[in-house]
Amino acid sequence: MAAPRFPIITESDARLLEPGSTVELERGGHVTPLAWDTLRARRVTVVPAGTVDPALPGDLAPVTPVARVAIGADHTGLALKAALVEHLRREGKTVTDHGTSTPDPVDYPDIASAVARAVARREADAGIVIDGAGLGSAIAANKIRGIRAAMCSTPTLARYAREHNGANVIALGATLVSPADAREIVDVWLSTPTREARYLRRLLKIRALEDRF
């Protein structure tokens with residue numbers, strides 16, 4: 001089914017759209033400020049007209065814009081998690097903290113899977129997982145069906161992870177990036193949409209791998 005197409009999206013239009021859906025905005029089109037607020041609340045993704053292949057499922061692309069973030073870290077990532085929670089809430093995001101909250105050692109798969117499940121269940125638009133290097137949490141998160149997690153240590157990797165690979169969870173290494181670096185990486189990641197049909201077709205093949213294996 002083709003995505004709805006609009007020359008302009010008003011708040012009244014936005015209120016009628018199905019939560020989690022994708023709509024197309026015509027070239028030169030406009031979204032009113034109040035409509036953006038409603039679209040974020042309803043997790044509706046807006047893409048340029050002509051970028052949605054009607055043969056592709058509408059839920060392939062990660063939610064854009066992101067309003068709700070799930071975050072979690074093992075004991076090595078406590079300070080980095082706290083810095084990101086403060087930053088994201090200051091940016092107006094709704095943040096759900098999945099732990100840990102003490103320096104006592106915990107196993108990163110437990111934290112990463114909790115964040116990934118929140119995203120897979122659409123309780124959050126995007127997820128952030130943190131451990132020492134970010135690698136283990138990415139591996140664990142990717143075991144949850146529907147999750148595409150990528151470990152990113154630079155803003156460039158974050159942009160590619162989102163734009164080309166549709167990553168809906170980002171993994172960070174607390175020993176590899178500073179809080180300032182992490183804020184920049186996360187900001188780039190959250191603000192980059194997945195739009196091009198060629199990338200979405202590749203995501204469909206990734207989904208097919210989940211179905212086959």
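A salt bridge joins D211 and R145, with 2.3 Å between the closest N and O atoms; the term denotes a side-chain nitrogen of Lys or Arg within 4 Å of a carboxyl oxygen of Asp or Glu. Because D211 belongs to helix α8 (residues 197–212) and R145 to the loop between α5 (135–141) and β7 (149–151), the pair ties together parts that are 66 residues apart in sequence. Helices (H or I, at least four residues) and strands (E, at least two) are DSSP runs, numbered from the N terminus. Both D211 and R145 are exposed. Exposed means over 50% relative accessible area, buried means under 20%, and partly exposed lies in between, with a 1.4 Å probe and protein chains only.

The model is predicted, so local features need pLDDT of at least 70 and side-chain atom pairs count only at pLDDT 80 or more, whereas totals for chains, interfaces and linings use all residues. Residues are numbered from 1 along each chain as its sequence is written, and side-chain values use heavy atoms, with hydrogens and water left out.

The structure holds 11 salt bridges. Side chains of opposite charge can pair when their charged atoms come close. One of the salt bridges is formed by D97 and K81, at 2.8 Å from N to O. This pair links distant parts of the chain, since D97 is in strand β5 and K81 is in helix α3, 16 residues apart. D97 is partly exposed at 39% relative accessibility, whereas K81 is buried at 5%.

D37 is partly exposed, with a relative accessible area of 45%. R40 is also partly exposed, with a value of 31%.

Helix α2 spans residues 33–41, and its buried residues are A35, T38 and L39. These residues lie on the same side of α2 because they cover an arc of only 100° around the axis. The arc is that of the directions from the helix axis to the C-beta atoms. On the face of α2 turned away from the buried side are the exposed residues P33, L34 and A41.

Two cis peptide bonds were found in loops. The bond from T64 to P65 is cis, with omega near -5°. P65 is in the loop between β3 (45–48) and β4 (68–73). The bond joining G99 and T100 is also cis, and its omega is about -5°. T100 is located in the loop between β5 and α4 (108–120).

A further backbone feature concerns R122, which has a positive phi of about 65° although it is not a glycine. R122 is in the loop between α4 and β6 (126–131). The relative accessible area of R122 is 38%, and the residue is therefore partly exposed.

On the surface, E91, D181, E184 and D187 gather in a patch of negative charge. Such a patch is made of residues with over 30% relative accessible area and no salt bridge; like charges are joined within 9 Å, and nonpolar side chains (Val, Leu, Ile, Met, Phe, Trp, Tyr) within 5 Å. Lys and Arg count as positive and Asp and Glu as negative, while His and the chain ends are not counted. E91 is found in the loop between α3 (78–90) and β5 (94–97).

Separations along the chain and in space were also computed for several residues. L84 lies in helix α3 and is buried, at 0% relative accessibility. L84 and A174 are 90 residues apart in sequence, and their C-alpha atoms are 12 Å apart in space. I170 is in strand β8 (residues 169–173) and is buried, with a relative accessible area of 0%. From I170 to L78 the separation is 92 residues in sequence and 16 Å in space, C-alpha to C-alpha. A208 lies in helix α8 and is partly exposed, with a relative accessible area of 32%. The C-alpha atoms of A208 and E86 are separated by 37 Å, and the two residues are 122 residues apart along the chain.

How values were computed. Areas by Shrake-Rupley, 256 points an atom, 1.4 Å probe, with all protein chains shown as cover. Charge placed at Lys NZ, Arg CZ, Asp CG, Glu CD.
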